[in-house]
Amino acid sequence: MNRKSLIMLIAVVLSAQFTQAQDTLHLFGNRNDGSTEAKMPDQQSRNRNEIQTLTGPGSHFGFYFGFTTGYSRIDGYDAVNAGASVALIANHSLAIGFSGKGFVSESFRGDAGSSANYNYAGGYGGLLIEPILFPKRPVHLSFPVLLGAGGVARNRVSGMYHPYDYDDFFIEEAEAFLIAEPGVEIELNVARWLRMGAGISYRIVSSLDSDGFNPAEMDGFNGGLSLKVGLF
């Protein structure tokens, strides 16, 4: 009888110890879960408060080489231009690089009573900043802005066969200028490595020598086509 009582006592003690151990583990489990749940909002809050950068985790970099051709007017005369650009693309949505353009106007008569023919020719280039809106869509928009400097010359041409075809020219006047040219383009993703577009821009020119050059001769709209090849 005493033996049975001892066995029952041991069984009760072991059962109580097992139950207490379960409660202890359950308690610690709740504490750990609560701690994890408490940490998650804190981590999310810290992530929201951190500064977002173009070079952070998950960022993407690409590049392109671009070519443009277009039409404009210089001092009231028709002109054609061609240019090239190279840029790095951050996260598909912002391109930063360099761009340059060259231009030449049609030939025109000089002052009244003069038989000489003249034209304008020159170029400009500088920093290119180009935000891109909805870059992954087949058709999207970009907003290129060129900030730089350039030069323009007034040339006397001879042996003219066509407004843009002549034997020789002589520079009579030349002037340097600063330029800002904001624009907007609509682009088409032809392939992963190829984009084509059309757009307009506006030249805003400031002369470096206001006595010898009228900046209004260079101010004006430019329209053209673009081709970009690269990793977008």
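**Close-up views of cavities and aromatic contacts**

**View A. Strands β1 and β2 at the second largest cavity.** Strands β1 and β2 each contribute at least two residues to the lining of the second largest cavity. In this predicted model, the largest share of that lining comes from β2, with three residues. The lining residues are S72, I74, A79, V80, N81, F103, Y124 and R203. By class, five of them are nonpolar, two are polar and one is charged. The volume of the second largest cavity is about 50 Å³.

**View B. The largest cavity and its lining.** Two cavities of 30 Å³ or more are present in the structure, and the largest has a volume of about 360 Å³. Its lining comprises 32 residues, of which T68, K101, P144, E185 and S201 are the closest to the cavity centre. Two or more lining residues come from each of the strands β1 (61-74), β2 (77-90), β3 (94-105), β5 (117-133), β7 (145-158), β8 (168-191), β9 (194-207) and β10 (220-231). The lining of the largest cavity is made up of 16 polar, eleven nonpolar and five charged residues.

**View C. The ring pair of Y202 and F221.** The structure contains eight aromatic pairs. In the pair of Y202 and F221, the ring centres lie 4.7 Å apart and the planes meet at 70°; the arrangement is therefore edge-to-face, as planes over 60 degrees apart are assigned to that class. Y202 has a relative accessibility of 31% and so counts as partly exposed. F221, by contrast, is exposed, with a relative accessible area of 59%.

View D. Ring pairs join Y77, F108, Y118 and Y120 into a cluster. One of these residues, Y118, also has a charged neighbour: R154 lies over the face of the Y118 ring, 4.2 Å from the ring centre.

**View E. A lysine over the ring of Y64.** K228 places its charged end over the ring of Y64. The distance from this charged end to the centre of the Y64 ring is 4.6 Å.

Note on methods
Residues are numbered from 1 along each chain as its sequence is written. This is a predicted model: local features need pLDDT of at least 70, side-chain atom pairs count only at pLDDT 80 or more; totals for chains, interfaces and linings use all residues. Side-chain values use heavy atoms; hydrogens and water are left out. On a 1 Å grid over the protein atoms alone, a cavity is a set of points where a 1.4 Å probe fits but cannot get out, and a pocket is an open set with protein on both sides within 12 Å along at least five of seven lines; lining residues have an atom within 4 Å of a point. Grid points are joined across faces, edges and corners, and a volume is the space filled by probe spheres set on the points. Helices (H or I, at least four residues) and strands (E, at least two) are DSSP runs, numbered from the N terminus. Ala, Val, Leu, Ile, Met, Phe, Trp, Tyr, Cys and Pro count as nonpolar, Asp, Glu, Lys and Arg as charged, and the others, Gly among them, as polar. Rings of Phe, Tyr and Trp (its six-membered ring) pair if their centres lie within 6.5 Å; planes under 30 degrees apart count as stacked, over 60 as edge-to-face and the rest as tilted. Buried means under 20% relative accessible area, exposed over 50%, partly exposed in between (1.4 Å probe, protein chains only). A charge sits over a ring if NZ of Lys or CZ of Arg is within 6 Å of the ring centre and within 35 degrees of the ring normal.
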